Amino acid sequence: VGSPSPPSPVAPPSAHIKVGSQEASGACMQHSWGADEPPLLLRCLAYAPVCIGLCLLLAEQIIDEDRAVDSESWRRLSEGNETGGYNSTGNTTVIINFSVRHLSRVQKGAVMVGFVGGMVIIIVMAALYQRNVDKAEIVRGKMEGVVSADRYILKILKHFSVKVVQDHIFHGIMPTKHQVSIEFSDLTTSIQQRSWMFGKPEEKFILTGVSGRFQAGRVAAIMGTSGAGKTTFLNLLCGKVGGMGNWKVTGTIKVNDEEASLASLKPIMGFVPQDDIVHEGMTVRENIWYSAKLRNPSGTSASRLQRITNDVLQVLQLEAQQNIKVGNRATGGGLSGGQRKRVNVGLELAACPTLLFLDEPTSGLDATGSLMLVRVLQKMTQLGMTIVMVIHQPRYSLFTLIDDVLLLGKGGRTAFFGPTEQAKLYFERLGFSMPPNENPADWMMDVMSGQAENENPNISAEEMPERLFKEWENFKEGGYLRQPSYSTRDVINDTLTNRDSSQMEEIEVIKGHIKDAWKRVDLPVTTALGEEDFTKVLLNCTGAESSKQVVGEIMRRIEEMHIGRRGQSKGEESSVSHPEFERYLLEIHKGTYLGAYSTDDIFHAETDEEDADVTDSCRGSDTGSDEPSLGSGSDGPLGTSVGSRDSERNRRLMGRDALGRELPGFLPQLMIFLQRRSIQWWRMQTMRLMFLVVVEFAAIFLGCFDNFIFDSPPWMPSNYMNCLISLALLTSVYSLRTFGSPEELPIFWRECSHGLNRLAFFLSRSLLDLLDMFLMCFGFASAYYIVMVPEMPFSLYIVPFIFVCYVSCSWGYFISCWLPFELNSLGPFVSALLSFVLGGILGLPNEMSVYLSSPIFEIPINLISFTRWGVPMIFFAYIEVSPVDPDLMSGPQEYIYNSTITDYSKGWHLDGDDNYWWTGMLYLSCVGMALRALAFLGLCICNKSKQV
C-alpha cells in the first residue's frame, strides 16, 4: 500500500546531522509508526499459541512432502493397531505417534500439566526479561543546531511569539485565484414541531429575513444572544440544512452575484465544527498531512503537500507538538485543549479552502488562545480566503480583529450587520451609551437582550428588543452596510500599529505557552522541577530535546536571577519553578536580561550555515522547487510575495483552486486510506494483543472442559458448535469498533461532507481488518487444537474457523453500520444475541433433521446460520481423515454419530460434495460478502444528515 506515513521533511530517524559539536536528530522529525510498545509478558501470552500453530503447520508440511504415509498405514493408525507408518520408499520406518486419543484420564492430565508448566516457564522468563528491559534508559537525540543556551532560549521565544504568525511566509498555501463572496437575501428558516404526539404541528421560526453579504478576503463574525439561530444560520450557508424533512427554508443565496448551489462549493469549502474532531491516535503532523492529501486537487505534488503541512504547523504554532499524538484528554496524555482546537482548525486550513466557516472556534479557549487563533484567521485572509465564524463574547482586542459582524437577536432577526468599527456608532445613534472601560462586544449583547440603558425617549424598555429589529429594517441600505474599500491588510496593519496593548498581548501569549508546556509534565504548576523534569518542559516548548549542558546553563542562570529571593543554600539540588522560568523568559523578551539580545534579535538573529540548512529542511523547502513562496511583504496581489519564478507556472498552480476543484478519485483515496489506517492499526498493538489473549483463554477454557471434564470425543459436533459460537461472538464484538467507534464516526462524517469516497474508506478498513480477523482465528484455533489434540492436520482443521470468523466479522460490520449512533453502546449486546441465536438455536446438530426436512426452514437457516455449515465441515473432514469405529463407542455416542451423518445428508449441497467442504466454503463466503455489502449500504444511509 505504499508508505504508511507522510514523507518526513527531514532525514530518516537513523540519519543524524552534525551541527557544531552536537549530534542531533531533527526537531521536526516525523515519527512514522510510534506504536505504544506492549509489555513483553502480554506479547508472550498472545503469541505463544500462535507460534505453536505455525509450528504445527510447518511440521505437517514436512511430513506431507518428505514422510508421506500411505492410506493403509493411516487406516491401521486410526484403528489403534499401530503407532507408526513407513515412508513411500519403504526403506526406513518413520514412527508417527497418533495414539494420544487413547490416553487415559491420568495421562491426559499429565500432558495438560506439562503444557501449562511450559507456558508458566515462558511467562516467568518473559517477566524477568521485561524487568531488566524496563530498567534500561533510552538515549534520545540531542537538539539540532543548538550550541548555546542563549540560542535555545531565543528559539523558545520565537516559537511562542505572535510575531511568528504575522511575519510568516507561505511556502505551500497559494492565494486563491477565484475568490468567493456570499450574498444572502431574506433567509428564513422554520421547523415543524408538535406539542404532543397527536397534536397539530406548529411552525417555529429559527431565522427570519436575514440579509447581507460576506465579502471575500475578510473575517466576518456572527454574534447574538442564546437561541438566536447563529449555528443554524452557519449550517444553512454550508449546505447542512436544506428544505427536507420538517425543515423549511426560503430566501436566496448568491455566490459571486450568481445564484448557485452550495453543494457545488464543497470541494473549496472548509467547516470547523465546535467539537474538536480529530484522529486521536495520530500525531499532529499526520492529521494535517492526510487532510491536505485528501482534500487538495488531484495531482498535487508531494513536495507541495509537505509545504502546505509545514505552513499550517507554523502559522498555528504547532511545530513543537507536530510529532506528538493528539491523544484523549479524558484518558490523559496528548495535547492540551487549546492545541487540540488549533489542530481542529488546521485540518481545514490544510485543504486550502477558498471559503472557511467556523462554529465557535474560541469555545473552551482562554483569552490568549482565542486571540492567537483569530490572528491566524486574519493572516489567512491575505490569501483571499473568505472566513465566517460564530463567536461568543470576544474580548476587546479580539473584537477589533474582526472585519464585519452580524448581530442576531431573538427569533433569528437581524439587529446589525456591517463593519465592526461602525457597530458601536450605530447603537449610539439609537440612544444607547456604552459605559467607560466596557467591552463593546459585551455591551452590544446587553443592548440586544434589553439590559443596556437607553437615553432615547422614543424607545421604551418594553419595546426592546423588537424595536432594534425595526430600526435596522429602516436603516439598512440594500440589506447590509457597505464595507470599506480599503484592503484587509490595511485594516490589520492599522489595527496592530495603533493598538497600545499589543506588547501586553504578546506577553500573555508567552505566559500561556509556558503554562501549557509546564502542565504537560503532569506536575502541579506550583512544583519546582529538577533537571530531568525541567528538560521535559524545554522539550515541550520547542519539540526538540536540549543537551544536558544547555539545560544546566539555563537552570544556572535562572538560579542566579532568583537566588537571593529563594535563599538557596550551597549544595542544595538545583530546581526551577514555574514563576521563575516565566520571569526569566519575559526578562529576555523585554531585553533587560542578557543585554546582548533585544526583542528584534529574537526574530532577526543571524544563524550559521548549518542552522539555516536545518531550518530549511524542517520547513520542507527544496532548492529545486518551482513552487513560489508567499508572504506578507511584497508587491504582489493580496499582500503576498511571488518570487522571480515563471509567472505562467504560478498562474497555472493558482488556477487549481478554482471553484470546480477536482479531488482525488477512488484509487488515490483508497491508497491514502490504506496508508493512514496502517498507521492506526500498528499503534493499536496493546489493545489487539489483550483481545487476542482473551480469545485464546476462551479457547483453552473450552478445550479443557471438553477434553478433561466432559471427556468428549474429538469428533463430537457439539464441541465444534460451542467453539464456533464463542469465536463468532468474540470476533463480531471486536469488529464493532471498525465502523462504529464513537471517536471515529464523527471524523468519518466530517470527511464525507468534503467529498470522501465512502467505498474507498470502507474497503481500506475491511481489508486491513482481515489481518486482525486471521490473527484472532489462528490464535483461537491453535489454542483449542493444542488442548484437544484431534487426529487431523491443523491445516484442514483451521479452514472452517477462518470462514466462520469471516462471517462473524461481517455481522459486526453490519451491526455497527446500521445501529443508530445514540444506541452504539448496545452493539456488544446485539452481537452476543445474534451469535447465540444464529449459531446456537438455529445451528443445533441434533435439530438438523427438523430444520432440513422442509424448504421453509432450510432456506433461511442456510442463509443466516454459520454453524449450519461450519459444524459439518469439521465433522465430515475429521471422520474422513481419521475414521472412527462405531463399535467402540458407547450407546449415546453411537446414536449421535449416526444421527449427525443422517441428518446433515438431508440438506442441499453441491454435487459430489457429500462432506460439505466446498459447499460450506461457498455459502459462508457468499453470506460474508452479502453482509459486508449491506453494511456498506448502512454506512452510506444511516446518519445521512450528518454526512453533508
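**Cavities, a patch and a buried glycine**

Mentor: Let us begin with the lining of the second largest cavity, whose residues divide into ten nonpolar, four polar and no charged. Please keep in mind throughout that this is a predicted model.

Trainee: How does one find such spaces, and how many cavities of 30 Å³ or more does a search of the whole structure find?

Mentor: The general idea is that a probe the size of a water molecule, rolled over the atoms, shows where empty space is left. Here the search of the whole structure gives 13 cavities of 30 Å³ or more.

Trainee: Which residues lie nearest the centre of the second largest cavity, and which helices each supply at least two residues of its lining?

Mentor: Of the 14 residues that line the second largest cavity, Leu 745, Cys 817, Leu 939, Cys 942 and Asn 943 lie nearest its centre. Helices H26, H29 (799-818) and H35 each supply at least two lining residues, and the largest share, three residues, comes from H26.

Trainee: What classes of residue make up the lining of the largest cavity?

Mentor: The lining of the largest cavity has seven nonpolar, six polar and six charged residues. It comprises 19 residues, with Ser 291, Leu 294, Arg 295, Arg 676 and Glu 751 nearest the centre of the cavity. Helices H7 (284-295), H9 (337-349), H23 (666-682) and H26 (745-752) each supply at least two residues of this lining, and H7 gives the most, with six.

Trainee: Turning to the surface, which residues form a nonpolar patch there?

Mentor: Trp 818, Leu 934, Leu 937 and Ile 941 form the patch, and together they have about 340 Å² of accessible area. Helix H35 (residues 917-941) contributes the largest share of the patch, three residues.

Trainee: Why does Ile 941 count as partly exposed?

Mentor: Ile 941, which lies in helix H35, counts as partly exposed because its relative accessibility is 46%, and that class runs between 20% and 50%.

Trainee: Is Gly 384 buried or exposed?

Mentor: Gly 384 counts as buried, because its relative accessibility is 0%, where the cut-off is under 20%. Gly 384 lies in the loop between helix H10 (367-380) and strand S12 (386-390). Gly 384 and Leu 355 are 29 residues apart in sequence, and their C-alpha atoms are 9.1 Å apart in space.

Notes: Residues are numbered from 1 along each chain as its sequence is written. This is a predicted model: local features need pLDDT of at least 70, side-chain atom pairs count only at pLDDT 80 or more; totals for chains, interfaces and linings use all residues. Side-chain values use heavy atoms; hydrogens and water are left out. Patches are made of residues with over 30% relative accessible area and no salt bridge: like charges are joined within 9 Å, nonpolar side chains (Val, Leu, Ile, Met, Phe, Trp, Tyr) within 5 Å. Accessible areas come from the Shrake-Rupley method with a 1.4 Å probe; for residues, only the protein chains shown count as cover. A salt bridge is a side-chain nitrogen of Lys or Arg within 4 Å of a carboxyl oxygen of Asp or Glu. Helices (H or I, at least four residues) and strands (E, at least two) are DSSP runs, numbered from the N terminus. Buried means under 20% relative accessible area, exposed over 50%, partly exposed in between (1.4 Å probe, protein chains only). On a 1 Å grid over the protein atoms alone, a cavity is a set of points where a 1.4 Å probe fits but cannot get out, and a pocket is an open set with protein on both sides within 12 Å along at least five of seven lines; lining residues have an atom within 4 Å of a point. Grid points are joined across faces, edges and corners, and a volume is the space filled by probe spheres set on the points. Ala, Val, Leu, Ile, Met, Phe, Trp, Tyr, Cys and Pro count as nonpolar, Asp, Glu, Lys and Arg as charged, and the others, Gly among them, as polar.
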